[in-house]
Amino acid sequence: MGYQLNFAPVWRDFDLLLSGLALGIGMAIVSVLLVGNLIGLVAAFAMTSKHPVLRRVAGIYVTTIRNLPIYFLMLVAFFVLPQQLGVRIDKVHAFVGTLSIYAGAYLTEVYRGALLALPKGLREAGLAIGMTEGQTRIWVIVPVMLRNALPALSNNFISLFKDTSVAAAIAVPELTFYARQINNNTFRVIEVWSVCSLMYVAACYLIAAGLRLAERRLAIPH
Amino acid sequence: MDFTRFFSDLYTARFALLEGIGMTLIISGIAIVLGTLLGIGVALSLVYGGRVQRFIVRTFLEYVRGTPVFVLILACYYLLSTVIQLTPFQAGLIALTVFCSSHVGENLRGALLALPKGQTEAAKAIGLTFPQTFAYVLAPQALRQALPAWINTAAELVKASTLLAVIGVVELMLTTRQIIALKPRPLEFYFLAGLVYFLICFSIERLGRAVERRIALPS
């Protein structure tokens, strides 16, 4: 085999790869930590609420989204919906929207589990000191639940961050997209894919380490 | 929406669609069989292997688990084409197998390590050799423990197989896009594809839950 390793073309475009990685992390933060979290919290409360309709709606949302591939959802959000509604959607917005809804379903399960694991006395204590049902939720239940749910949240965040690579298929300029572009322009196949996957591995490691630190600091002491 | 027109288009495309669904099921099915075999090897090396073997397998596992499955697919497709000529099907199958093996390996490793030490000791006490201990004592319990997560891995694989459309494997997603190029009814055909994926994954998930209930170790 006459394949000579030559990393120069990859290093030349390393800033592109880095900007792609930054976009991926950015999209993950916006859609998972901001929007997806909000959807997940609301849907988890809906799933554990007393109203059968709310439980039903949230249950259908979670079951549907969790059983559909993200690639499928992304194509629907990018190709089908804009055409049906007669609007133009930017590809980054389409992907962030998709990932938010996708992440929301997974986080709902996380928060639902965390809510069910809370001792009943927590809510009763909040009500006993004169808080309303809503105040108890915001000031007592959510803070404790979030701290308990943090380990599961980090796992989901990392796996959803990896899902941002799918956005390359609709030409969102993130890491995988640039890797493919460099691959097609220079044919430095081995170099570009090893660098690209190592960047993902490193990013996952750093995110995991950061989140573990947060977990340890925020863990509820026993 | 004109449903009679849609159904006539659907009738025209019926064989293509069935082939697409078949390809999705076949490639996911083969990948889960091969990936499970490889994953068993991974788990055994991690739990019982020597230091060097453990290190190598651990590195492989961390690397694969940190890499998105889409990158694995593209890397297999482009990388392997420089060394040997592979069809998109073969490259995709390798990528999915590796992806599956990392999930199965991690899952089985956890199940094996979660077994109480007393099991091995008890087996040793009644005079079983290590292979016997593994076959009759450890493996049955670990497999039982690992089965629900293993079934979830199958659903993950079906979902990941959609990405093979990008490298040109004509599975359900690519079939859908091809049909839409000829019969421009994106809403209906995407809905149909989504329904098929939902039904496959939902049945796998339900199966997993049923199995979990049936075989759960009494605690």
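Reader: What pattern does chain B follow when read along the sequence, and how do α2(B) and α5(B) cross?

Author: A word on conventions comes before the details. Because this is a predicted model, local features need pLDDT of at least 70 and side-chain atom pairs count only at pLDDT 80 or more, whereas totals for chains, interfaces and linings use all residues. Residues are numbered from 1 along each chain as its sequence is written, while chains are lettered from A and ligands numbered from 1 in the order in which they are written.

Read along the sequence, the pattern of chain B is α-α-α-α-α-α-α-α-α, that is, nine helices and zero strands, where helices (H or I, at least four residues) and strands (E, at least two) are DSSP runs numbered from the N terminus. The C-alpha trace of chain B spans about 75 × 45 × 25 Å along its principal axes. Of the 219 residues in chain B, 39% are buried, a residue being buried if 20 or more other C-beta atoms, placed from the backbone, lie within 10 Å of its own, exposed if 12 or fewer do, and partly exposed in between. If one takes the contacts in chain B between residues at least 6 apart in sequence, 77% of them join residues at least 24 apart; two residues are in contact if their C-beta atoms, placed from the backbone, lie within 7 Å.

Now to the helix pair. α5(B) has 27 residues, which at 1.5 Å a residue should span 39 Å, and this agrees with its end C-alpha atoms, which are 39 Å apart; the expected span is 1.5 Å times one less than the number of residues. α5(B) is also mostly covered, with 20 of its 27 residues buried.

Two packed helices are described by the angle between their axes and the distance between the axes. The axes of α2 (residues 14-48) and α5 (residues 88-114) of chain B come within 6 Å and cross at roughly 40 degrees, the axes being lines fitted to C-alpha atoms, for helices over the stretch in contact, with angles from 0 to 180 degrees between N-to-C directions. That angle makes α2(B) oblique to α5(B), since angles under 35 degrees count as roughly parallel, over 145 as roughly antiparallel, 65 to 115 as roughly perpendicular and the rest as oblique. The crossing of α2(B) and α5(B) is right-handed, meaning that the near helix is turned clockwise from the far one by less than a right angle, anticlockwise being left-handed. By class, the contact of α2(B) with α5(B) has 19 nonpolar, seven polar and one charged residues, with Ala, Val, Leu, Ile, Met, Phe, Trp, Tyr, Cys and Pro counted as nonpolar, Asp, Glu, Lys and Arg as charged, and the others, Gly among them, as polar.

α2(B) also packs against α7 (residues 130-160) of chain B, at an angle of about 135 degrees and with the axes 9 Å apart, which makes α2(B) oblique to α7(B). The crossing of α2(B) past α7(B) is right-handed. The contact is formed by T24(B), S28(B), A31(B) and I32(B) of α2(B) together with A154(B), L157(B) and V158(B) of α7(B), and its residues divide into five nonpolar, two polar and no charged.
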